[in-house]
Amino acid sequence: MRLNQSKLAPARAEEGSKSQYSASGLGCFGWILIILSIIFTLATLPISIWFCMKVLTKDSVTIMVDAIVYYRVFDPVMSVISVINVDSVTHLLAQTTLRNILGTKSLSDVLSDREHMAQEMEHLLFDASKGWGIKVERVEFKDVRLPVVLQRAMAAEAEAVRDAKAKVIAAEGELNASRALKDAATVMSMSPSALQLRYLQTLSEVASERNSTIMFPVPINMALAFSRS
């Protein structure tokens, strides 16, 4: 019985030291490390959420592209034997493939032909990763961000194109209107009464729109005739 008590004594002493250590807490340095880890996590959280990859296009324009790759492991044995980390390898392969594809495209092709580029990237990723037991299901371009200076330049170019089109349309309208007026003048010159009727019609339209006093021009010959009579 004494032997059992002697064996239990060191165990009780060890449990007392553990309880004393747990009661003392993490200590000053432990709390400092925890606070620093929280600060670093909060500081890098926006970067990890809004991170996009910068890519240089064929026409030397730097853009930021955010793409999504959906994949699955169809052969677990090959995925374990061939690569160490499936997620990391697929991520790096997708980044490299995206740079290679966008490097051969101009900015206009990137903005207008996303679907074709996504299909091309999907085929390339599947051909490169099928030996690892990975099947790339789908690739989507989530967002393409342009520099602010380039956005302003493109907006100014689009506005200038719209202004030019508006001026051309206005000039074509003036040309058509002048041709119509020329034809109308030719017809009215054949009949003086038609011109007089058109003049009276214009006066009635003006009088109906606004309440104003209208001065009728009277030829001098008519005035002289009335004075003689």
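In what follows, a helix axis is a line fitted to the C-alpha atoms over the stretch in contact, and the angle between two axes runs from 0 to 180 degrees between their N-to-C directions. The model is a predicted one.

Within this predicted model, helix H4, covering residues 86-102, and helix H6, covering residues 114-129, have axes that come within 10 Å and cross at roughly 135°. Angles from 65 to 115 degrees count as roughly perpendicular and those over 145 as roughly antiparallel, and H4 and H6 are therefore oblique to each other. The crossing in which H4 passes H6 is right-handed. The residues that make the contact are set out below by helix.

| Helix | Residues in the contact |
|---|---|
| H4 | Leu93, Ala94, Thr97, Leu98, Ile101 and Leu102 |
| H6 | Met117, Glu120, Met121, Leu124, Leu125, Ala128 and Ser129 |

Turning to the whole protein, its secondary structure comes to nine helices and three strands, which, read along the sequence, follow the pattern α-α-β-β-α-α-α-α-β-α-α-α. Of the 229 residues in the protein, buried ones make up 16%, while the accessible surface comes to about 18,000 Å², with 63% of that surface belonging to carbon and sulfur atoms. When contacts between residues at least 6 apart in sequence are considered, 65% of them join residues that are at least 24 apart.

Definitions and conventions: Residues are numbered from 1 along each chain as its sequence is written. This is a predicted model: local features need pLDDT of at least 70, side-chain atom pairs count only at pLDDT 80 or more; totals for chains, interfaces and linings use all residues. Side-chain values use heavy atoms; hydrogens and water are left out. Helices (H or I, at least four residues) and strands (E, at least two) are DSSP runs, numbered from the N terminus. Angles under 35 degrees count as roughly parallel, over 145 as roughly antiparallel, 65 to 115 as roughly perpendicular and the rest as oblique. A crossing is left-handed if the near helix is turned anticlockwise from the far one by less than a right angle, and right-handed if clockwise. Contact means heavy atoms within 4.5 Å. Buried means under 20% relative accessible area, exposed over 50%, partly exposed in between (1.4 Å probe, protein chains only). Accessible areas come from the Shrake-Rupley method with a 1.4 Å probe; for residues, only the protein chains shown count as cover.
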